[in-house]
Amino acid sequence: MKTCGIKPLSIAVLLSTGLLSGCLFEGEQSLEEIDAPPEEETAANPETNTEEPAPEKGSGEESAEVEEGMEGEEAASETVARELFLIDSNGMVVPQTVELPASKEVATQSLEYLVKDGPISNLLPTGFEAVLPAGTQILGMNLKDNGTMVVDVSKEFKNYQANEEQKILEAMTYTVTQFDNVDRMKLWINGHELKEMPVSGTPISKGVSRSDGINVHVGNNTDVVSSKAVTVYYPSQQSGQEVYQVPVTTRVDAEGELYTSLVQTLLEGPELGSSLQQPFNKEAEVTSAELTDGVLSVTFSEGLLNGQEPKAVAEPALASLVMSLTNMKEVEAVEVKVEGVEQVLNEAGEPLAEPVTRSDINGASEPESL
């Protein structure tokens, strides 16, 4: 699908060095079961009431199944775009697309690039920082059949401040669950399962998923019965840097049509006083939203378009809309329509002739399975 002239809002940096080793369980196909480690490195799995093996320490050897899964496009390229969740200067957890060396151990590699003073150091844009404590090692990863990724980290992981705990959980969870068949993350330290985080004691015995939210903002809908948690994206910008999108989990009216409720929340803008920007004109209104075969067609009033000629959808508004709506698993692309306008244009003056995907916006690869 062509990109409709949209300039990627993410950071893409070519690497010349820096391959890291990772776990034994990475690839693009389902993973084989491993032998359980010694008895002292097992813990009861509360979900299945069975003994759950700790993730195996990486040995540098790959199974034939994993190797076969990597013989495609990714193995042939020198770098591949990955979405990493970093911290911006306002303390928000933010996705940034970074070109990493092609690796068979993609999930392990992605977490290794979240470590402070690690391989991400030379790639960090101004105002951004990594989230995992310096010296943290990813000792092993084990993808369970139920979509839970068990991540075993070294003891250095404990060296963080209390106010960093939630950000660490969110950054790790969202980075790992960018892969299609990973739904949840569980944490271990040196082969022992964590029931709660080591500093502030956040409960994590059942694992953490994207449903737990990111940069959570309660908003006006505090009634959990009549509202639904959704994650929307608003633009932000640091001095002299490119505009980027920030995810915020909030609640929207669940009694009406979900897609229009979500878009309406976007049109109302972020919380006053926050570092986030309002990308939509105050005159913009959403009139309908209809999902067909993974494409969500959203119709707006003419107020969506900017006042310049030719009238067009502002780039930050389009990015905010597409990132927010494709955050729902059933939505693969977004078609933007405007009442009374035969052909909607993007900010570059090009027609939005095809539905816009998430990769058109952030430059990352399409979601893949391990």
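The structure is a predicted model. Strand 11 and strand 12 pair in the antiparallel sense, and both strands are among the elements that cover the buried residues of helix 5.

- Strand 11 spans residues 286–292 and strand 12 spans residues 295–300, with six bridges between them.
- Ala289 has Val298 in strand 12 as its bridge partner.
- Two residues lie between the strands of this hairpin, where Asp293 takes a positive phi near 50°.

- Helix 5 covers residues 258–268, and its buried residues are Tyr259, Ser261, Leu262, Val263, Thr265, Leu266 and Leu267.
- These buried residues are covered by elements including strand 9 (227–236), strand 10, strand 11, strand 12 and helix 6 (315–325).
- At the N-terminal end, Glu257 caps helix 5, with a side-chain oxygen 3.0 Å from the backbone nitrogen of Tyr259.
- Just after helix 5, Gly269 takes a positive phi of about 90°.

**Aromatic pairs**

- A pair of aromatic rings is described by the distance of the centres and the angle of the planes.
- The model has three aromatic pairs.
- One of them joins Phe128 and Tyr244 edge-to-face, at 5.1 Å centre to centre and with 70° between the planes.
- This pair links distant parts of the chain, 116 residues apart: Phe128 lies in the loop between helix 3 (106–112) and strand 5 (138–143), and Tyr244 lies in strand 10 (residues 244–253).
- Phe128 and Tyr244 are both buried.
- Phe157 and Tyr160 also form an edge-to-face pair, at 6.0 Å centre to centre and with 65° between the planes.
- Phe157 and Tyr160 are both buried.

Note on methods. Residues are numbered from 1 along each chain as its sequence is written. This is a predicted model: local features need pLDDT of at least 70, side-chain atom pairs count only at pLDDT 80 or more; totals for chains, interfaces and linings use all residues. Side-chain values use heavy atoms; hydrogens and water are left out. Two strands pair if DSSP finds at least two bridges between them. Helices (H or I, at least four residues) and strands (E, at least two) are DSSP runs, numbered from the N terminus. Rings of Phe, Tyr and Trp (its six-membered ring) pair if their centres lie within 6.5 Å; planes under 30 degrees apart count as stacked, over 60 as edge-to-face and the rest as tilted. Buried means under 20% relative accessible area, exposed over 50%, partly exposed in between (1.4 Å probe, protein chains only). Contact means heavy atoms within 4.5 Å. A polar contact is a pair of N or O atoms within 3.5 Å; within protein, one must be able to donate a hydrogen and the other to accept it, and residues adjacent in sequence count only if both atoms are side-chain atoms.
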